[in-house]
Structures are given as structure tokens and as C-alpha cells.
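Could you keep the model open while you read my comments?

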Amino acid sequence: MLTDTHCHLFYDDLKDNLPDILDRAKQLGVDRFICVATNLEDALECLKLAETHATIWASAGVHPHDAKDAPGNLNNRIRELMDHEKMVAVGEMGLDYFRNISDQETQQKIFRKQMSIAQDLDMPVIFHNRNADEDVLTILSEFPNLRGVAHCFSSTLETAEKFIDLGYYISFSGNLTFKNSHLPDVAKELPLDRLLVETDCPYLSPVPHRGKPNEPGRTRFVAEKLADVHGVPLETIAAATSENATALFGL
Ligand SMILES: [Zn+2]
Ligand SMILES: [Zn+2]
């Protein structure tokens, strides 16, 4: 039993083939899915999928790329969306200083806004961080009572440890399996009770499917890599990461 804690199932190629995709996932031992929104339109799509599939849950939030287009009534709209039993987190939110599709000041403003909503609602957050360790840590520290996950973790061990100290989980995706990645050395040092796995599909397909469109079943390959670096059976990783997902998101 594995949980893909971060997939974007609302993209057409995934949504239009969902029965087959979920079948293939099941064969690989992946049986729970969190469909993560990148803006409020996606969030409605995620919710639709969650309403029609017992094993899919949803989140609502604004990705840093979309921060520049965040609506003025963001607060009310996220609160409205969160008022549903299959909604399990606010996000994805965060900072992406690699692509800077929204300017950094706007990214920070919309990130803070969502952190504040999550705090008011006592909901976990899913955050994205690319080349923005320092500013992400600053903003997380401003909301000390929140819990959540550093999704698609790709930073240093030092940053991972700081996130864990602040009460966050670390989620690994396909880039853990890439040749020459520094991430296995990071993952090896982290305690199993703080780890999650994800695909971030359709992006970041893991080895041996690197470069192809990704799908949720491939969480399996991320978990296998984690088992390998920790020197434990796959079942140990599956049990730990699924328990962590249950605890964090209340699945
Ligand atoms: Zn992301
Ligand atoms: Zn994502």
C-alpha cells in the first residue's frame, strides 16, 4: 500500500485515462492519491475527482507560478473549498525562484496569505520550493503552529532538517531516482517517520521511465529507491509513508 501524496490528475492525459491509470497504479501497489491543485480552477477539478473516487483526496491553493493571477477574494474562495470532507490540505503554495513566472514579491504575498488561511482553518499545507530555501524558511517560521509537507524536495540536507525541526514532512518524487542526484544522500539521513512519497505527475517521471509522461503508479519506483537508500524492505517504506500520509492529511 503506497500513497501518491502529490499528483495533478486534472491534466487531460491523466483525467481522460483515469480508470486505466488507477488500474496500473493498483498493480504497482499504489492505492491512495492526493490530487493537488495549482490554482482555484484546478481545485474544483480535483474536488470533482475526489467526489467520484473513494481513493482520491483533494487540495486547493495557488502555485507560485499562478500567484500573479490569484483572485482578490482568494481567502473566501479557499475557505469555501476547504469546507468539504475530501479536501485535505491548502496548496500547493510556495516560492519558485528558478522560473520566477510570478515576481518574487507577489509569490511571497500569496504564500503568506495561504499560510494564514491554513492556520485559521487548522489545515496542513503543501508547499513548493525551488531555489528559495531562505525565504521559504523565513515564511514557515512566521507560522509556527502549522504542519505540512515540503513537496518534491530537492534542496540540501541542512534545509531538510530545518523543515523537519519546524514540524514538516519531506516528500520525495522521481528526481530521487535520477542518475547523479544528491537526493539519495539526503534521504538516507532523514527519519522514516517524517517521509512521504509522490509522483508530481505528469512531471518528473522516475527511472526507469524518465523523460516520459508520469503517472501515479510510479510512486512505486520512488519508494523502492527510498527502501534501497535506507536498506530496508519496500514494505517498511510503504507502511511508514502511508502512515505518515494518514497522520498528516487525516485520510
Ligand atoms: Zn510543485
Ligand atoms: Zn505539483
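My notes follow as numbered points, from the overall fold down to single residues.

1. First, some housekeeping. This is a predicted model, in which local features need pLDDT of at least 70, side-chain atom pairs count only at pLDDT 80 or more, and totals for chains, interfaces and linings use all residues. Residues are numbered from 1 along each chain as its sequence is written, while chains are lettered from A and ligands numbered from 1 in the order in which they are written.

2. The overall picture: the protein has ten helices and eight strands (DSSP runs numbered from the N terminus, with H or I of at least four residues for helices and E of at least two for strands). Its radius of gyration is 17 Å, close to the 18 Å from the globule rule for 251 residues, so the protein is as compact as a globular protein of that length. That radius is taken over C-alpha atoms, and the rule is 2.2 Å times the number of residues to the power 0.38. Along the principal axes, the C-alpha atoms fill a box of roughly 45 × 40 × 30 Å.

3. Of the contacts with a separation of 6 or more, 70% join residues 24 or more positions apart; a contact needs C-beta atoms, placed from the backbone, within 7 Å.

4. Strand S2 (residues 30-35) is largely enclosed by the rest of the structure, because five of its six residues are buried. S2 pairs in the parallel sense with strand S1 (residues 2-7) over four bridges, and Leu 2 stands opposite Val 30. S2 also pairs in the parallel sense with S3, over three bridges, with Phe 33 opposite Ile 56. Pairing requires at least two DSSP bridges between the strands.

5. Which residues touch the most other members of the largest nonpolar core? Among its 78 residues, they are Cys 35, Ala 58, Ala 60, Val 90, Val 125, Ile 170 and Phe 172. Such a core is a set of buried Ala, Val, Leu, Ile, Met, Phe, Trp, Tyr and Cys residues joined through C-beta atoms within 7 Å. Leaving aside neighbours within four places in sequence, Val 90 has contacts that include Ala 60, Ile 78, Ile 117 and Val 125.

6. Helix H4 (residues 74-82) has Ile 78, Leu 81 and Met 82 as its buried residues. They sit on the same side of H4, because they cover an arc of only 100 degrees around the axis, judged by the directions from the helix axis to the C-beta atoms. Asn 76 and Glu 80 are exposed on the other side. The buried residues pack against helix H3 (40-52), strand S3 (56-60), strand S4 (87-96) and helix H5 (104-121).

7. Two loop residues deserve a look. Asn 175 lies between strand S7 (168-172) and helix H8 (183-187), and counts as buried because it has 20 C-beta neighbours inside 10 Å. Leu 192 is in the loop between H8 and strand S8 (195-197); with 15 such neighbours inside 10 Å, Leu 192 counts as partly exposed. The C-alpha atoms of Leu 192 and Ala 240 are 6.3 Å apart, although 48 residues separate them in sequence.

How values were computed:
Buried ≥ 20, exposed ≤ 12 C-beta atoms within 10 Å, placed from the backbone. Contact = placed C-beta atoms within 7 Å.
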